[in-house]
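Good morning, and thank you for the time.

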Amino acid sequence: MIEDHLHAPTGAYALNALPEDEREAFERHLRDCPACAQEVGELAATAARLGLAVGAVPPPAMRAQVLDRVRTVRQLPPRVPSDAPARVSRRTRAVPRLVLAACLAAVTALGGVAVRQYQDARQAEHRAEQARRQADDMARVLAAPDARTATGTVDGGARATVVVSRAEDRAVFLASGLPELPSGRTYQLWFADGSAMRPAGLVHDDGAVLMDGKVGRATGMGITVEPSGGSAQPTTTPLAVMELPS
C-alpha cells in the first residue's frame, strides 16, 4: 500500500475484503495507529448490525415444509393471449413449481452469505480490538518512567533492542534488518528464567513487538528460528541472547 494511503483501507479491512498481502500490511499499521484500530472496530460493529438486520438462518425444516406445500397448492397458470391454444403442456405447468424451488434455494443461500459476512465482521472487529490493546500496552511500556533499554546484534547483522518496564511487568522487542526466512519458518522470542526458556511471541517483520506474557523474574531474552506457529521450547541455537535491564 502507498504510504499516503495507509489509513484508507479501514472499511475494506473491516469487511475482510483486502488481499492477503495488503491485510498483513494493514494489520502491522494497526499496531501503531489507535485511530485506525478504533475506526475498524466501529465499522466492523456497524457491518455486523447491518448483517443481522437483513439476514437470518432459516429453520432446518423450512425447506422441506415449503417443498411439501408446493406439491399440494395449485399454481396460477401463466398469462397467454386470448387466441392461444387452451391446452398447456404438463411441462409448462411445472415451471412455476421449479421457479418457487429456485427462489427458496436463493433465499437460503443469501441467509448463509449474511451469516458468513457477520462472522467475518466479528472476526475483523476482534482483530482490530486486539491490535488496539497491544498498541496501548506497548505505548505504556515505552513511556513508562522506569523503562530501560538493552541493545544487541542478531546473527546476520540485524539490530535488536528490548525495552523493559518492571512497573508494567512487560517488555517490547524492536528489530531492524532481520533476514527474510523461508516459507514455514518464523522468528520466535523467549524469556530466560535462569536456564529455562518460555515463549514470548513471534516476530513476523521488522518493527516493534509487545512480548507475550509478563517479564516476571526473567533476567534475559533470546530469539530463535522456529517452525511457523512457534514452538513450546527452542529447537534451534539462539540468534541472539540479551540480558534484560533491571
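The sulfur of C36 lies 3.4 Å from the closest cysteine sulfur, in C33, which is too far for a bond. The cut-off for a disulfide is 2.5 Å, and a search of the whole structure, which is a predicted model, finds zero disulfides. C33 accordingly takes part in none.

I turn now to the salt bridges, of which the structure holds four. Let me begin with E27, located in helix α2, residues 20-31. Which residue does E27 pair with in a salt bridge? The partner is R23, with the closest N and O atoms 2.9 Å apart. Because E27 and R23 are four residues apart in helix α2, about one helical turn separates them. Both residues are buried, E27 having a relative accessibility of 19%. Leaving aside residues up to four places away in sequence, E27 touches Y13 and R127.

The next pair is R140 and E168, whose closest N and O atoms are 4.0 Å apart. R140 is partly exposed at 42%, as is E168 at 32%.

Finally, D193 and R198 meet through their side chains in a salt bridge, at 2.5 Å from N to O. D193 is partly exposed, at 30% relative accessible area, and R198 is partly exposed at 24%. Elsewhere, salt bridges with shared partners join D137, R140 and E168 into one network.

Technical notes. Residues are numbered from 1 along each chain as its sequence is written. This is a predicted model: local features need pLDDT of at least 70, side-chain atom pairs count only at pLDDT 80 or more; totals for chains, interfaces and linings use all residues. Side-chain values use heavy atoms; hydrogens and water are left out. Helices (H or I, at least four residues) and strands (E, at least two) are DSSP runs, numbered from the N terminus. Buried means under 20% relative accessible area, exposed over 50%, partly exposed in between (1.4 Å probe, protein chains only). Contact means heavy atoms within 4.5 Å.
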